[in-house]
Structure formats: C-alpha cells, structure tokens
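Subject: Structure handover

Hello,

Here is the structure for you to open alongside this email. My notes on what turned up follow below it.

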Amino acid sequence: MPKKLEDVLQETLASILQHLGVTFQKFKVEKLKTSLEGKEYPLYRIDIDTDEASLLIGYHGETIYALQQILKTILWNESGENIFVVVDV
C-alpha cells in the first residue's frame, strides 16, 4: 500500500531537520486545497515549532523557500501531480 503524502512529508521533514541540526518541539502537517486559474490543487501547510526559526527562514527567506521546493519536488515524485507546500515557523 502506498504511503499517504502526509506521512511522506512527516518523515522527510523530520529527517531534513535532524540532518540540519535544527531542534524542534513538533510540527503539524495540514492538508488543504488551493485554486489556481480555476483548477484545484492540494496544498500542504506545515507549521514547525522551533526556537531556531531564524535559521530555518534564512536570509530573506531563502532557506525556507528552498525547503518548500525540496518538499514539493519529493511529493511530485511520489504522486505525479502538482502539489503546493507552505512551511511556516
């Protein structure tokens, strides 16, 4: 049985944060929907509870943007569909 995309996000994000050495208390993955040009797409919102928010955000948001892109690419590889990912700290 294929993994749920929420589970893929949970496992991947936990691994990335651990490899970066970023401590976090918890994070929450929420599935929503968004529309673009009249078509609906899945949207995953991830809230990370950490004391190292500035490290994850990076200079002008570059780090958090890169994290979103990595997660989006992994989800696209898993599902074959365009999925939006928003990470908030």
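In this predicted model, the axes of helix 1 (residues 5-20) and helix 3 (residues 62-79) come within 11 Å and cross at roughly 140°. Axes are lines fitted to C-alpha atoms, for helices over the stretch in contact, and angles run from 0 to 180 degrees between N-to-C directions. That makes helix 1 oblique to helix 3 (under 35 degrees is roughly parallel, over 145 roughly antiparallel, 65 to 115 roughly perpendicular, the rest oblique). Helices (H or I, at least four residues) and strands (E, at least two) are DSSP runs, numbered from the N terminus.

Which residues meet? From helix 1 come L5, V8, L9, T12, L13 and I16; from helix 3 come L67, I70, L71, I74, L75, E78 and S79. Contact means heavy atoms within 4.5 Å. The residues of this contact divide into 10 nonpolar, two polar and one charged. Here Ala, Val, Leu, Ile, Met, Phe, Trp, Tyr, Cys and Pro count as nonpolar, Asp, Glu, Lys and Arg as charged, and the others, Gly among them, as polar.

Strand 1 (residues 26-36) and strand 2 (residues 39-49) run antiparallel, joined by 11 bridges. Two strands pair if DSSP finds at least two bridges between them. E30 stands opposite R45 in strand 2. Their hairpin has two residues between the strands, and E37 takes a positive phi near 55°. Strand 2 also pairs with strand 3 (residues 84-88), in the parallel sense, over five bridges. Y44 stands opposite V85 there.

V29 is buried, with a relative accessible area of 15% (buried is under 20%, exposed over 50%, partly exposed in between; 1.4 Å probe, protein chains only). Leaving out residues up to four places away in sequence, V29 touches E6, L9, Q10, Y44, R45 and I46.

Two notes on method. Residues are numbered from 1 along each chain as its sequence is written, and side-chain values use heavy atoms, with hydrogens and water left out. Local features need pLDDT of at least 70 and side-chain atom pairs count only at pLDDT 80 or more, while totals for chains, interfaces and linings use all residues.

Best wishes
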